[in-house]
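Morning, everyone. Please put the model up on the screen, and I will walk you through a few places in it.

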Amino acid sequence: MGWFDNGWGLSLIVFLPMVGALAVLFTPKANEAAIKALSLGFTVVTLGLATLMAFRFDFGASEVFQFGTSLTWIESINSGYHIGVDGISLPLLVLSAFVTVLAVIYSFNHWPEPHNPKGFMALTLVLATGMNGTFVALDLVLFFVFFELVLLPMYFMIGIWGDKAIMKIPGFNREVETRLYAAIKFFLFTLFGSAFMLLGFLALYFKSGEFVAERTFDIPLLIHLGSNGAFTGTFAFLVFGALFLGFAVKVPMWPFHTWLPDAHTAAPTVGSVLLAAILLKLGAYGFIRISLPILPDMAKDWAPAIAILAVIGIIYGSLACLAQTDMKRLIAFSSVGHMGFVMLGIASMTSVGINAAIIGMVAHGVITGLLFFVAGSMSHRYHTRDMGRLGGNMKVMPIMGGILGFTAMASLGLPGLAGFWGEFMALFGAYSPLAGLNTTLFRTAMVLGAIGTVLTAGYMLWMLQKVNLGEPSAEWEGQHFHDVDAYELTAWVPLVVAIVAIGVFPRLVLGATNDAVVSLVTKAFGG
Amino acid sequence: MTPDIDYLALAPEITLAVTAVVVLMLDLFLPRSQKYWTAVVAVLGVSFAALPLIALAVSDVGERSMLGGSFVVDDFALVLKGLFVVSGYLVLLMSVSYIESDRYYQGEYYFLMLMSILGSVVLASSRDLITLFIAIELVSQPMYLLAGWRKGDLRSNEASLKYYLLGVLASALMLYGMSFVYGLTGELTLAGIAEAGAGMADDPAFIMALLFMIAGFGFKVSAVPFHFWAPDTYEGAPTPVTAYLSVSSKAAGFVALLVVLYSAFPDAAGVWGPAVWILAALSMTLANLTALRQTNIVRLLAYSSVAQAGFMLVPFAAAATTDQIGLGEAFAATVTYIVIYAFMNLGAFAVVIAGARKTGTGDIEGWGGLGSYAPGIGLLAGAFFFSLAGIPPLAGWIAKLVMFSAAMGAGSGWMVALAAIAAVNAVIALFYYARVVKTIWMDPVPATAPDEQVRTSPVAGSLGLALGLSVVVVVAAGFFPSLVTFFSEATRALAGG
């Protein structure tokens with residue numbers, strides 16, 4: 001298996017979906033069976049390779065980048081095709097490959113209007129390449145390219161297949177279809193952040209020339225320089241700020257989150273799932289992979305600000321959820337809250353906190369992914385997402401209602417299910433942050449975060465009460481609603497299993513991440 | 001004494017000149033129904049001009065200098081000649097079906113086009129002020145005529161007149177500046193000026209001369225505030241001519257700026273750097289903001305091309321505050337940007353020609369739903385417009401990256417500020433580029449759209465070839481930027497870096 005370990009395996013995981021997209025593109029539009037088969041085939045093989053990688057991964061050396069390769073790519077700026085996975089990226093990579101397969105299966109029976117499976121599948125596959133690539137890139141330019149590669153497919157997915165309801169543009173006296181507004185808003189926000197992120201990358205590149213013979217974009221090398229105190233002072237402060245802008249928009253952290261509710265609500269179901277499950281992770285992953293280890297001193301300086309924004313995100317997201325009438329929008333705002341916990345974990349700068357962030361991301365990926373699946377299926381049947389009109393779903397579609405109930409419980413952090421660990425450990429990390437950080441501030445953040453978990457439970461139960469319990473509204477009387485179909489079950493049962501499995505055996509994730517995180521924290525902060 | 005002529009070095013120019021004359025002669029003798037042969041000969045002639053370029057590139061003679069250093073064939077010249085020949089070739093391909101449909105002056109059209117291409121190819125080798133001036137005028141003069149080629153159309157007349165008057169003014173400014181430089185240094189070759197003018201950077205007359213020349217070139221590259229001709233001329237001229245104006249003619253202006261500023265005035269970088277800083281910041285910001293309000297696709301691309309010129313000027317500003325290596329990097333960054341811009345912008349105009357044929361309009365609104373009945377054109381539009389916006393994996397991102405890199409590498413606060421301005425502008429630009437793609441893919445087909453037959457009419461073969469070649473470059477260079485940076489790195493020697 002030499003070829004597999006020497007970069008080919010990883011490259012295949014990244015680029016097979018892209019090849020699949022090309023194959024789909026060259027399949028006649030009318031031949032839907034072939035399009036389905038191709039997209040399923042390519043994503044399943046990708047998942048297979050990712051699983052194989054997880055089995056071959058040396059967990060005893062999870063802080064080492066494995067299965068990697070480093071080739072010349074853009075000689076003139078000394079940027080290389082440098083890829084590899086360590087314990088931090090492996091769970092996210094597997095998550096990405098896993099959710100993509102489920103998204104493809106689900107869409108077989110749920111083509112949003114205007115149909116066109118060919119375009120939809122091609123975009124999904126390109127998206128997969130961007131997501132997988134971001135998690136394995138070890139060169140800043142390569143990272144940037146993959147980070148941006150997800151923009152185009154998601155833009156088209158929201159813009160073409162998204163919500164066609166008319167809305168008024170805030171601040172303007174004009175009306176547009178929601179999908180158009182949400183698509184461009186998503187694109188502009190993310191590009192704004194990443195344009196400054198790129199400037200930050202370039203600043204690091206030029207600064208590195210003072211310490212090594214040839215200026216470099218190489219992430220491990222920059223981490224080595226950063227942990228030896230190469231980047232300090234105003235320079236590093238500004239660079240961290242630039243990277244912060246890029247990652248914080250993507251996470252999204254309050255107050256950069258406003259694109260998220262629009263994009264999630266307007267996107268077609270599969271788009272929402274992929275956005276929530278994977279795309280939101282790219283930003284937080286950027287903090288852990290790039291900002292923290294390369295600029296440790298600045299990370300410490302910025303940590304209180306990150307913690308404050310994270311807590312605002314938790315509280316604000318939860319309160320916003322309570323004000324929603326649209327089920328999908330509620331789930332979207334819940335993401336703001338959950339990602340707040342992830343960022344609170346990161347802000348603590350401890351190994352507990354960062355482990356919490358990663359397991360929190362994986363858990364949020366499977367839980368919120370499933371929530372969006374269910375919400376999509378429900379609005380597919382009821383043709384509305386208005387919680388005031390729903391209700392009594394347990395009586396109308398007991399299996400779907402059951403899954404919704406289960407997932408909501410997981411989302412509110414019920415012990416024994418996946419969502420618990422991220423929240424619990426993030427609060428634990430905030431209780432005793434890295435030495436030198438303001439303990440009072442972080443403990444206040446912890447208390448507020450704990451209040452946030454109560455609010456989370458509050459809005460999730462409130463949603464369940466409105467949607468699942470009670471009597472079905474009179475308007476659905478006499479209509480027949482088909483409970484979950486085979487495609488839905490195939491897509492959802494693996495997620496349910498994953499939620500339970502991670503909840504009961506958090507070692508599934510933490511076993512991979514812990515050594516890598518401890519090594520990161522030790523190198524960066526010496527403790 | 002007869003000057004020593006290296007015929008291989010001159011072969012591309014000779015090929016183009018001979019082709020131009022042959023086209024003109026053929027036009028005299030061909031019956032009206034056979035005029036398309038002029039197009040065939042023109043396209044073939046431009047293709048043949050590429051052959052000696054390849055021979056020169058692989059020969060191990062190195063730099064070939066003639067006529068007392070006035071005409072030099074070095075790596076820079078070869079790369080830029082290659083670019084001019086290829087973009088000329090693409091424009092000719094785009095012209096064939098467009099020009100044929102009007103059925104007049106075909107021979108003259110191709111003759112003038114070839115003369116302009118000849119001018120640009122000479123320009124890449126020009127290393128003294130007179131050769132440079134003649135070459136740049138040879139690029140522009142035929143364009144004054146071609147801009148008014150649709151003589152029955154008032155807009156076309158306006159396009160031609162506006163372009164002519166402002167162009168002549170620009171040439172006068174440029175020439176005025178050049179005469180001062182000659183008067184002060186007593187030299188015409190760029191190398192001589194660099195040597196003689198080494199200590200003159202503080203001389204007011206010298207500074208004035210330099211600014212006059214920059215203003216003159218500013219017209220050619222259509223940088224703000226010298227851009228006023230561009231939107232009207234672009235809209236009125238035949239679309240292939242507009243494509244040529246926005247790519248080859250603009251690139252010619254940049255080549256002149258590059259060779260003059262970097263090789264004749266390296267010591268005065270402290271003067272021209274800040275001047276270009278202002279031009280760059282203004283061009284990006286004003287053009288992008290104006291582009292947001294455009295409803296006509298060609299006018300939108302006109303403002304877009306002004307904004308892109310602003311991006312290309314950014315590395316020049318960086319050159320003022322950097323070391324010798326940084327100078328070379330800034331130089332290469334602009335070359336990289338020009339090369340990528342040429343392909344993506346030509347592609348965008350080819351899409352405009354194809355799309356206007358199918359939708360029957362140049363109004364963006366009228367392009368609604370184009371993606372549903374012409375998915376191929378829709379896809380290509382997405383590729384070129386998002387490449388112009390600099391979104392990976394399309395080649396535009398590497399152009400933006402090297403531009404940002406040159407700015408950040410200079411290390412001064414002013415350049416970081418310019419980089420930040422450029423970053424904000426990249427976001428603004430995305431909005432109007434995305435709007436075109438949005439209309440094509442996400443809006444319904446408007447009621448005014450032409451009938452089914454027009455909408456699904458096939459794209460002319462030559463136009464299809466131009467689209468295909470451009471998209472291959474834009475996609476390939478997006479994944480493998482070295483395909484472009486390899487060439488631009490080779491040009492760095494001219495900046496001494």
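Is Ser470(B) buried or exposed? Ser470(B) counts as buried, at 1% relative accessibility. Buried here means under 20% relative accessible area, exposed means over 50%, and partly exposed is in between, using a 1.4 Å probe and protein chains only. Ser470(B) sits in helix H19 of chain B, residues 461-479. Helices (H or I, at least four residues) and strands (E, at least two) are DSSP runs, numbered from the N terminus. Leave out residues up to four places away in sequence, and Ser470(B) touches Leu90(B), Phe343(B), Gly347(B) and Phe384(B). Touching, or contact, means heavy atoms within 4.5 Å.

A word on the ground rules. This is a predicted model, where local features need pLDDT of at least 70, side-chain atom pairs count only at pLDDT 80 or more, and totals for chains, interfaces and linings use all residues. Residues are numbered from 1 along each chain as its sequence is written, chains are lettered from A and ligands numbered from 1 in the order in which they are written, and side-chain values use heavy atoms, with hydrogens and water left out.

Stay in chain B. Val96(B) lies in helix H3, residues 75-100. Val96(B) is buried too, with a relative accessible area of 19%. Its contacts, not counting residues up to four places away in sequence, are Ala39(B), Tyr110(B) and Ser462(B). Now look at Gly461(B). Val96(B) and Gly461(B) are 365 residues apart in sequence, yet 9.5 Å apart in space, C-alpha to C-alpha.

Zoom out to the whole of chain B. It has 20 helices and 2 strands. Its radius of gyration is 22 Å, close to the 23 Å that the globule rule gives for 497 residues, so chain B is as compact as a globular protein of that length. That radius is taken over C-alpha atoms, and the rule is 2.2 Å times the number of residues to the power 0.38. The C-alpha trace spans about 70 × 55 × 40 Å along its principal axes. Of the 497 residues, 63% count as buried. Take contacts between residues at least 6 apart in sequence: 80% of them join residues at least 24 apart.

Next, salt bridges. The term means a side-chain nitrogen of Lys or Arg within 4 Å of a carboxyl oxygen of Asp or Glu. How many are there over all chains? The search finds 25. One of them joins Arg381(A) and Glu488(A), at 2.9 Å, N to O. Arg381(A) is in helix H14 and Glu488(A) in helix H19 of chain A, 107 residues apart. Arg381(A) counts as buried at 14% relative accessibility, and Glu488(A) at 0%.

Chain B has its own pairs. Asp74(B) forms a salt bridge with Arg127(B), with the closest N and O atoms 3.1 Å apart. Asp74(B) is in the loop between strand S2 and H3, and Arg127(B) in the loop between helix H4 and helix H5, so the pair ties together parts that are 53 residues apart in sequence. Asp74(B) counts as buried at 11%, and Arg127(B) at 6%.

Over to chain A, and helix H10, residues 259-266. What covers this helix? Among the elements over its buried residues are H6, H7 and helix H13 of chain A. H10(A) has 8 of its 8 residues buried. Arg329(A) is found in H13. Arg329(A) counts as partly exposed, at 24% relative accessibility. Its side chain makes a polar contact with the side chain of Asp262(A), at 3.4 Å. A polar contact is a pair of N or O atoms within 3.5 Å; within protein, one must be able to donate a hydrogen and the other to accept it, and residues adjacent in sequence count only if both atoms are side-chain atoms.

Last stop, the interface. Here 31 residues of chain A are in contact with 33 residues of chain B. The two chains bury about 3000 Å² between them, 82% of it on carbon and sulfur atoms. Buried area is the accessible area (1.4 Å probe) that two parts lose on being put together, summed over both. The interface count is 1 salt bridge. Arg215(A) and Glu329(B) meet in a salt bridge, at 2.6 Å, N to O.
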